[in-house]
Amino acid sequence: MSRQFHVSRRVFLASTILAGAALARPSLAAGTTSQRVMNSAKWLDGSAPEHEIGQTFGLAWPPGFLQARTSLRATGDDGGGIPVQSWNAAFWPDGSVKWTGHALPSGVTTDRVRIEPGRPSPSESPISVTRIAAGWTVQNAGIAWTLSPGSDAIVQSAVKDGRLLVGPVRLKALMASSPEGDGRRPLEPVIDRVTVEQSGPVRAVIRLDGRHAAKAPHLPVIVRLYFHAGSKAVRIVHSFTNDLDPQAHFLSGIGIAADVPLSGEAYDRHVRIALGKERLFAEAARPLTGLRRDSGREVRSAQVAGRAVPFTEMKREVRDLLHAIPVWNDFRLLQHSANGFVLQKRTGEGHAWIGADEGRRAPGFASVSSPAGGAALSMRYFWQRHPSALEIDRLGGDVTTLTGWLWSPDAEPMDMRSYRGVMGMEEYGAQNDGLDITYEDYEPGWDSAVGIARTSELTLWALPETPKSTEIVAMATVGSEPPRLLAESESLHASGVFGNWHLPERSTPVRQVIETQLANLVDFYAGEVDRRSWYGFWNHGDVMHTYDVDRHQWRYDIGGFAWDNSELSTDLWLWYQALRTGDAGTFRLAEAMTRHTSEVDVYHLGRFAGFGTRHGVQHFSDSSKQPRISTSIYRRMFYYLTCDERTGDLMRALLGSSERLLDVEIGRKVPGRVSVQLPPRHVEMSFGTVWSSLAANWLTEWERTGDRKWRDRIVAGMESIGAMPNGWLTGSAAYNLDTRRFVLNDKVNVSHLNAVFGAVELNSELLQLLEVPRYREAWLDYCRFYNAPPAQFEARYGEAKLPFNLREGHSRLTAFAASTLDDPQLAERAAQEFFSGQAGLGTVDHDPRISLADGLVEWPGVSTNAAAQWGLAAIQNLALIPDALDDAFVQRTRMRS
């Protein structure tokens, strides 16, 4: 692979952090690998958890430090070896490794894990994956998990010492013919294919592709099973795509069900359901406590603890009347809102449900077991993604079924119809009128939910016995909020990844002010998620777009002002803040957003596949379908930090989305746009909102695979933009889908949106990775002149400058030019632009939040557009022009005083 990389000063100095000594590296000589390089990850919540089921995380490396075939070892705080399974996840242009993935076994107790070149420590109980006639067997922690295609089972069986603990574990789905639930029927899922993606020794990953129905609509599903050495649990990642006709089909239940064979008497059959962090519902099918006659202290103690009841110690007056004690067979935990659950039980079908408990937010954990074994199931985001449920059927029977419902069949069916009618908007003129008043880009038939998806995470344990209550609580905690090892911010920054950002630093008054506002702003949005209940199966992870100060309410019901759908790069703002701080709350807010925006806001099949939907009342309701919403620039950080295979799939699926532009005219309502006739295989394409969004997909694939095809595709676009007389200020041009080049023109067409969907962040990386001189000049000119005074702009481009929008957010473009060109005047201008607050959020030296009645909070003047762009500008300006920010802030303070 030829060298296309320019070593920046930041990467050059980074070696002192990673290697522990100053290593001068003026070039990237092939084969250069420092044996002293060490990288590290620490627990997101600060220290090692008491219980965890295995870890997977990513680490970044500076260019030239790590070669593709270098073995890596893991060590803990004491220097002792930890078994590790490592792989290369991305490469620098010179062929050296940019990102590595690492898997650790369960039970890691060290607070920090270090990775460095060396021979990995062997696993004491390695995983093995074996091909058998019917499929595959995964051997781990003494349990044999069998998987095979051709049925509805994602797991056929889990066997320990010849005893069946769990199985089969099946896909479940129910369909109704009306939103009221009429004609409800079960579907017949099938797993078509099983693929082994990793086979140990520390981690095994099995992918299962299938459908929830044999005939259309299919509700296609991908399930991944994750096994970590030493763990009795399997992590389940369930991803389904909606292909239902919203007028005819209403999904009324979807989830997984595990059959659990239980042996022994009904009084030795136990159910455990987590109702809170420390609150546990623990009962037996046939209770021996609270009876009119005392069964005996040892009997009662054994049953409460989940041990085998000593029958011979049971008092005769109870033993002789056991048949008269009802057997409670069925239990259900219904979480149909974010703020309330009910727990019910009954003796069997045809009999009444009895209320057993109520509460606010259940963690989403249940287990069934006898002293001879059982199973437990946990669902992440259980209350956040209501309506969800956990069900236990036939606890007193030969086979008990433990079901996790991602959408509860006891709730109303899923209604994916549009929230509105056509309202006379059949033609573009009326549709533009609607856009003018409600900011909604509506068009009949384009407000479709067909093709959106949702990924859910569950954990299944095979239990050799009934766990102790303390173990149950720990398992429930792991399932609801999994502990996570995360690359340390210092290591990430030193590696030179993700462009321009810096670690938090509060050494001057202005840096203190900006860092405080960054933290407060994230805290405000995290609080709004809960205060405003931005929850629900399809909503969780997103935030609202614009606030209505008159109603003291976000504009949840006003056209294009409702759900944000990544508008103006909210995802990127949160991820950069998470990168630089390592803060758990910020990371989890960004993680939930990525899970949402990459699935729900993007189409995965159908005519819009590869595009996302602009902001709206429903996540799919706006008719503007755009690559700027689906772009990989919003997903890459989560993918590389966590090595999440599903996110990797989603980014790879976008590689051909440029072809969709031939069928979906995304600028169709712009006056004169539809009448423009282009040559075959040409489309009109903006440089920022479209090309940069697509180029981020190609960049990610190039660095993941090293395939120069994707690099060449990017370079072709860069060269053709650089050839434009007005460079990036051209704004857009006809694009040849075969040559991957733009058609030359000399217009000036500036959109305030062109750079705010990841183009700034993408270009900071492209200019680091690729030497295309004319493109570099074109981008630097755009950075210099977007916010330039009108006279300077007119002198350069010969046209009067229009009043460009988002001046505050675009200050980071000026800062980029200032830093790159080492221009103190530009740096001063950038700082002034940032502090101007023009068309932005504004920087304040206090916490502006106002408390309202009932615990509500407002941030005056806030919108998510402004928050995201201020956050990105603050982070990048701190990295690029910190001294200029200091000077401008001092002048600003003096003027005010």
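Helices (H or I, at least four residues) and strands (E, at least two) are DSSP runs, numbered from the N terminus. The model is predicted, so that local features need pLDDT of at least 70 and side-chain atom pairs count only at pLDDT 80 or more, while totals for chains, interfaces and linings use all residues. Residues are numbered from 1 along each chain as its sequence is written, and side-chain values use heavy atoms, with hydrogens and water left out.

**Exercise 1. State how the span of helix H7 compares with the expected span, and describe the phi of Ser533.**

Step 1. The expected span of a helix is 1.5 Å times one less than its number of residues.
Step 2. Helix H7 covers residues 509–531, which makes 23 residues, and the expected value is 33 Å.
Step 3. From the first C-alpha to the last, H7 reaches 32 Å, close to that expectation.
Step 4. Just after H7, Ser533 has a positive phi of about 55°.

**Exercise 2. Determine which strands pair with E6, and whether E6 is buried or exposed.**

Step 1. Two strands pair if DSSP finds at least two bridges between them.
Step 2. Strand E2 (residues 55–60) is joined to E6 by 6 bridges and runs antiparallel to it; Gln55 has Leu104 of E6 as its bridge partner.
Step 3. Strand E5 (residues 85–91) is likewise antiparallel to E6, over 6 bridges, and here Asn88 stands opposite Thr100.
Step 4. The hairpin of E5 and E6 has 5 residues between the strands, and in it Gly95 takes a positive phi near 95°.
Step 5. Buried means under 20% relative accessible area, exposed over 50%, and partly exposed in between (1.4 Å probe, protein chains only). Strand E6 (residues 97–104) is mostly covered, with 8 of its 8 residues buried.

**Exercise 3. Locate the residues Leu219 and Met423, and state whether each is buried or exposed.**

Step 1. Leu219 lies in the loop between E17 and E18 and has a positive phi near 50°, although it is a residue other than glycine.
Step 2. Leu219 is buried, because its relative accessible area is 0%.
Step 3. The loop between E17 and E18 also holds Pro217, which is joined to Ala216 by a cis peptide bond with omega of about -5°.
Step 4. Met423 is placed in the loop between strand E29 (399–407) and helix H4 (428–438); its phi is positive, about 55°, and it is not a glycine.
Step 5. Met423 is exposed, because its relative accessible area is 63%.

**Exercise 4. Describe the surroundings of Ala356.**

Step 1. Ala356 belongs to strand E25 (residues 354–359).
Step 2. A relative accessible area of 30% makes Ala356 partly exposed.
Step 3. Contact means heavy atoms within 4.5 Å. Leaving aside neighbours within four places in sequence, Ala356 is in contact with Phe281, Leu343 and Gln344.
Step 4. Arg346 is 10 residues from Ala356 along the chain, and their C-alpha atoms are separated by 9.6 Å.
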